[in-house]
Amino acid sequence: MSSNFGSMPLRYRITIDREQCMECGRCVENCPYGVFRWDGNRILINSRNCTACHRCLTYCPRDAIMLQEHPCDYRSHPVWTRAVRESIYNQSRTGKIILAGMGSVANLPIIFDHLMLDACQVTTPPTDPLREPVELRTYLGKKPSKLDFTQKPNGDVELSTELTPNLMLETPIMLGHMSYGALSLNAHVAMARAAKETGTYMGTGEGGLHPGLYPYQDRMIVQVASGRFGVNVDYLERGAAIELKLGQGAKPGIGGHLPGEKVSADVSRTRMIPQGSDAISPAPHHDIYGIEDLPQLVNSVKEATERKKPIFAKIAAVNNNAENVAAVARSGVDAIAIDGFRGGTGAAPRVFRDHVGIPIEVAIATADQELRKQGLRNEVSLIACGSIRESTDVIKAIALGADAVYIGTAALVAMGCRVCGNCYQGLCPWGIATQRPDLVARLDPDVASKQIANLIHAWTLEITELMGAAGINSIESLRGNRDRLRGYMLDEGLLEILDVKSVGA
Amino acid sequence: MAKQVTIDAKGVHYTPLNQQIRKAIEDGADEIVVNNVLGQRFIGNGLRGNATIRVNGVAGGDLAMFMSGPTVIVDGNAEHAPGNTMDSGKVVIHGSAGDAVAHSMRGGKIFVRGDIGYRGGIHMKQYETQRPILVVGGSAQTFLGEYMAGGLLLVLGLDGAMKAREIGSGIHGGEIVIRGDVDEACLAAGAKKLPLTDEDRARIAPVIREFAADFGLDAEPLVKANYTRIVPASARPFAGKYTWE
Ligand code: SF4
Ligand code: SF4
């Protein structure tokens, strides 16, 4: 569309150190955005197409390529920032809603970074994980509020309480829901293998289950979202657990949309929709128009699978989170995943991504407190998700009341993702968020699964060390143990909401 | 010889009731008659095979949800969302049905002799040979065929005027065929009217005949009747809304 803006200042500039460059052309081959091209025996650069994916840099044998963000300054202004001005230019040209990739870029304080962990000193001894076990095994699902036993004539005692199905995790870190379609098959296979190797689970996202993942189906949590893509009884039966997606942290209250360009032959088979057609997920589940409809869907899925599998629900963290969580807990689900406002996404309207929702730290803390208050905490497990970046985020989330976490972006980064935020273009140079066969082939599932498994192992080790240092030898004793956290530079209101004391207290 | 099993649903909670039905199918029943049904939910839910389940009474919500194969015949009304996310098979309802009938249905047939509630046929979708069909004998309420992505939704209006407004909002696949003329004002944004061609009529005729046979109606006047066909104005109703960062 025409405008009087001309060309906008470059977002990134790519330069080649011509003294170092040996004209091998790997950058030309590797950049799927066409930044480099041959002109005779010289490589020309069109920086405007660059997404800062770093693919060319990593493959340049001479380190000759350099990338600079925002090479052109605007007049600095604290109110009329570059982002604000560029959005106005964009919308005054197009008249449309701005979509953006990856999670929130809003520069707001991260509560996790203001929570300090405890360690034992003179009054109690730390646990040394080298010689004493520190138990991270986690069970997700309902726990009975009491146990009944019957005594047999020979004096043996037997459990008579009927237990409901739980998922057993070797570490409280799961791989969150990112659909096949948004991600490549190689990325999904890598995640599934890593989940199997580390004794944890992965979410399918709402794209159905590709036959290539059937060998790992007992490690998969199959998702049922509002579009019901790829959902049939076979799919439900394959999963180890079933998750009803009610909301997403990156875009609470709105649906999703996989553009037809990404619906390849294989994706179409898995989602069960025609090739090239848009996959539109409505904002609500149209069979849930009120909280009283939710138990109906939960029970329907339970009946269809003969009550053999735990049912999860995922909601976005928004105002009245505690009430939302309690309502979902009463619907009969076995676990609730709460997705904080920093959660990742392939694409979301920028205004939602950066402005709607609440932080996961607050959402987990208030959910845990409310469930305890209502006597429902044993009825559901809580899963924290939405920007879990490192092992300390995991341990803090658990101390605030979570049972386990889902990681999404962190798993992508472990496969090579550079958080360039251009997943929606479908040209991911790392073979992660693309369906283009030559790009998908860049991701070797063996290598990528090892990297994800390494990350999970490393975090698990760190969590073990941190727990040992605090004298906690079981994840059960860490869960909701806010006394082992202290808030640093958090205001009084927030400390009260989190139910965490200030440093020094 | 066909094996028939009769189950009395009187005062039975839906979980044991559905377990009994499932067990009967596993034991090789061809026909299961469930008497005294009074709102028990999830009947036929997730069942496979080709048995026939006769529901005598009022079926509760999510009848035949995720069902893949069997036939369910309800001699009475059905509550919310019969045929929800159904894969294949057939549901025949001799009375009326609640809201969200055939929600996200991806295959098979649902025939309702009476009326249906709001959002009928919402987000029905098709894939290759799987093409869901919803036929309503009476009237449908507003938001008929919302978000529809595939399949056929046919409303015969046998008992008077059609009540639906906002027909086909967000429709991006499939077709809605309504007997008689439909006022342009009843169409939602994103839907458009087309006249029914001879090929269209030839395509829907077998469906009308099957429906008429199931309910003992005279098919031919219905086959010959005047119909309005409603289809998506665009396969990508939301494409024009967004720009990239
Ligand atoms: S898009 Fe990626 S590969 Fe292409 S120039 Fe930019 S950083 Fe290099
Ligand atoms: S997955 Fe690929 S396209 Fe998406 S942010 Fe990461 S590197 Fe960029």
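Arg48(B) forms a salt bridge (a side-chain nitrogen of Lys or Arg within 4 Å of a carboxyl oxygen of Asp or Glu) with Glu237(A), where the closest N and O atoms are 2.9 Å apart. The model is predicted, so local features need pLDDT of at least 70 and side-chain atom pairs count only at pLDDT 80 or more, while totals for chains, interfaces and linings use all residues. Residues are numbered from 1 along each chain as its sequence is written, chains are lettered from A and ligands numbered from 1 in the order in which they are written, and side-chain values use heavy atoms, with hydrogens and water left out.

Between chain B and chain A, 3 salt bridges are counted. The contact (heavy atoms within 4.5 Å) takes 50 residues from chain A and 40 residues from chain B. About 4000 Å² is buried between the two chains (accessible area, 1.4 Å probe, lost on being put together and summed over both), and carbon and sulfur atoms give 54% of this area. In chain B, Tyr127(B), Trp244(B) and Glu245(B) lose the most area to chain A, together 19% of what that side buries.

Strands E6 (residues 109-112) and E7 (residues 133-136) of chain B pair in the parallel sense over 4 bridges. Within this pair, Phe111(B) stands opposite Val135(B) in E7(B).

Technical notes: Pairing = 2+ DSSP bridges. Helix = DSSP H or I, 4+ residues; strand = E, 2+ residues; numbered from the N terminus.
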